[in-house]
Amino acid sequence: MDFKGEKVLVFGTGLSGISAAKLLIKEGAEVLLFDGNEELDCSRILENFDEWNEVRISVGELSEDVTKGIDLAIISPGVPIDCPDVMTLRARGIPVWGEVELAARCDQGLLLAITGTNGKTTTTSLLGEIMKSCGGQVNTVGNIGIPYSGTIDNTGEDSITVAEISSFQLESIDEFHPKVSAVLNITPDHLNRHHTMECYIATKMSITRNQTEEDFCVLNYEDEIIREHTDGIKAKLVWFSSLHTLDEGLYLDGTEIICSHDGIKEKVIDIDELNILGRHNHENVMAAAAMALCVGVPMENIRKVLREFKAVEHRIEFVTEKRGVRFYNDSKGTNPDAAIKGIQAMDRPTCLIGGGYDKDSEYTEWIKSFDGKVKLLVLIGQTREKIAADAEKCGFKDYVFADDLREAVDICYENAQNGDAVLLSPACASWGMFPNYEVRGKMFKEMVNALEE
């Protein structure tokens with residue numbers, strides 16, 4: 001796509017915004033970098049660019065003078081499409097795209113895109129490794145922490161991009177068109193941003209919007225919401241299931257993952273050969289394998305990578321064992337459904353650390369999933385009283401409050417016995433106490449490793 005001479009406003013000065021601005025500059029656009037935070041240090045932002053005169057920067061109010069002559073606006077994922085500034089841009093007739101939309105238009109290679117409430121990072125990482133096993137240029141990007149627009153120099157007609165795509169990124173797509181898409185699951189999350197469950201579902205399913213009969217869409221048969229929202233999808237549907245036998249698709253049969261196609265049943269792998277725990281991870285494996293099979297990856301490549309793949313950082317990640325107590329970091333369990341998966345993966349009495357930023361979630365289903373495994377729930381953060389109230393409703397009274405993560409770790413260690421587990425799986429976002437879930441997980445690991453034996 002030709003951006004030469006176009007005047008483009010890039011809204012947001014985080015990683016995505018900076019990457020988008022750099023890509024546009026390389027493509028010959030005139031870039032204005034904008035952020036609503038008038039207290040930003042503009043000189044620090046400009047240090048990201050080779051020459052300060054490559055980009056203009058504006059902070060504070062998005063006035064008519066700022067948007068005068070702008071041909072296009074690119075917004076970062078953290079900028080809601082219904083915020084006043086974006087509404088103003090659209091009211092002035094300026095097209096508004098997200099950063100992944102910009103990148104996808106510049107990428108001439110094959111795009112494989114994954115969304116879902118939970119499991120995106122594991123599935124994306126796994127699929128990326130499978131695709132790399134075939135050789136060639138593979139970029140693993142998106143919500144996984146690597147801006148898509150920052151990898152365009154490494155794309156071409158023969159390259160492959162594996163992208164983790166969040167609902168925040170899907171809000172602002174236009175022509176975004178993956179060859180293979182996947183929707184792993186849909187459960188309530190980010191309702192403080194999307195406002196209604198209906199809007200959240202529509203946003204997630206929009207990953208299929210521009211696909212054609214020549215494309216593929218991989219879906220979770222166990223997710224009732226997904227099954228009810230397949231009307232209008234033009235791509236070939238490929239299902240996977242952890243509880244049902246499928247005539248076509250991938251499914252779990254006892255301990256074996258089976259691929260059924262054209263009347264042939266082929267074993268993919270035995271789950272005992274995997275290094276990642278829990279039924280949700282078996283679903284992630286099936287999704288990644290299905291996507292790889294859709295683009296012709298040999299089964300032997302898939303099997304080899306599945307046997308070697310380790311859990312991604314912060315997702316039911318084994319940290320260490322002290323005094324016979326095993327510690328697990330599931331900081332990426334940022335909503336109740338993700339945290340349920342963390343509990344289900346535990347096979348021993350567990351001291352659980354939960355709580356954090358309130359995303360308008362409900363916690364009763366999470367508490368009901370404890371199923372006798374959780375011997376102590378240690379609550380931190382903004383949501384601790386709300387979770388405690390839901391615990392009381394469910395008849396669960398083995399909870400205590402801690403003022404911070406360090407105190408929570410100490411309480412768990414004091415109460416855990418030989419053969420127990422300590423699990424950080426907060427069911428909440430990290431904001432307010434930590435910049436992001438990665439920092440929360442890293443701090444947890446540092447605190448655990450510093451405990452005396």
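**View 1. Glutamate 214 in the loop between helix H9 and strand E10.** In this predicted model, glutamate 214 is exposed, with a relative accessible area of 56%. The loop that holds glutamate 214 runs between helix H9 (197–205) and strand E10 (216–220). Apart from neighbours within four places in sequence, glutamate 214 is in contact with Lys179 and Lys236. The C-alpha atom of glutamate 214 is separated by 6.5 Å from that of alanine 235, although the two residues are 21 residues apart along the chain.

**View 2. The open sheet of nine strands.** The strands follow the order E7-E8-E6-E9-E10-E11-E12-E13-E14, with mixed pairing. Strand E7 (138–142) and strand E14 (264–270) are the edge strands, each pairing on one side only. From one strand to the next, the twist averages 20°. Strand E13 (residues 256–261) pairs with E14 in the antiparallel sense over six bridges. Histidine 261 has isoleucine 264, in E14, as its bridge partner.

**View 3. The salt bridge between glutamate 266 and arginine 303.** The closest N and O atoms of this pair are 3.5 Å apart. Glutamate 266 belongs to strand E14 and arginine 303 to helix H12 (residues 299–308), so that the pair links distant parts of the chain, 37 residues apart. Glutamate 266 is partly exposed, at 28% relative accessibility. The structure holds 26 salt bridges.

**View 4. Salt bridges of aspartate 347 and aspartate 403.** Aspartate 347 and arginine 348 meet through their side chains at 3.4 Å, N to O. Aspartate 347 is exposed, at 67% relative accessibility, whereas arginine 348 is partly exposed, at 22%. In the second pair, the side chains of aspartate 403 and arginine 384 meet at 3.8 Å, N to O. Aspartate 403 is exposed, at 60% relative accessibility, while arginine 384 is buried, at 19%.

**View 5. Cysteine 294 and cysteine 351.** The whole structure contains zero disulfides. For cysteine 294, the nearest cysteine sulfur is that of cysteine 259, 9.3 Å away. Cysteine 294 is buried, at 18% relative accessibility. The closest cysteine sulfur to that of cysteine 351 lies in cysteine 412, at 5.0 Å, which is too far for a bond, because a disulfide requires sulfur atoms within 2.5 Å. Cysteine 351 is also buried, at 0% relative accessibility.

Definitions and conventions: Residues numbered from 1 in each chain as written. Predicted model: local features only at pLDDT ≥ 70, side-chain atom pairs only at ≥ 80, totals over all residues. Heavy atoms only, no water. Pairing = 2+ DSSP bridges. Helix = DSSP H or I, 4+ residues; strand = E, 2+ residues; numbered from the N terminus. Axes fitted to C-alpha atoms, helices over the stretch in contact; angles between N-to-C directions. Buried < 20%, exposed > 50% of the residue type's maximum accessible area, 1.4 Å probe, protein only. Contact = heavy atoms within 4.5 Å. Salt bridge = Lys/Arg side-chain N within 4 Å of Asp/Glu carboxyl O.
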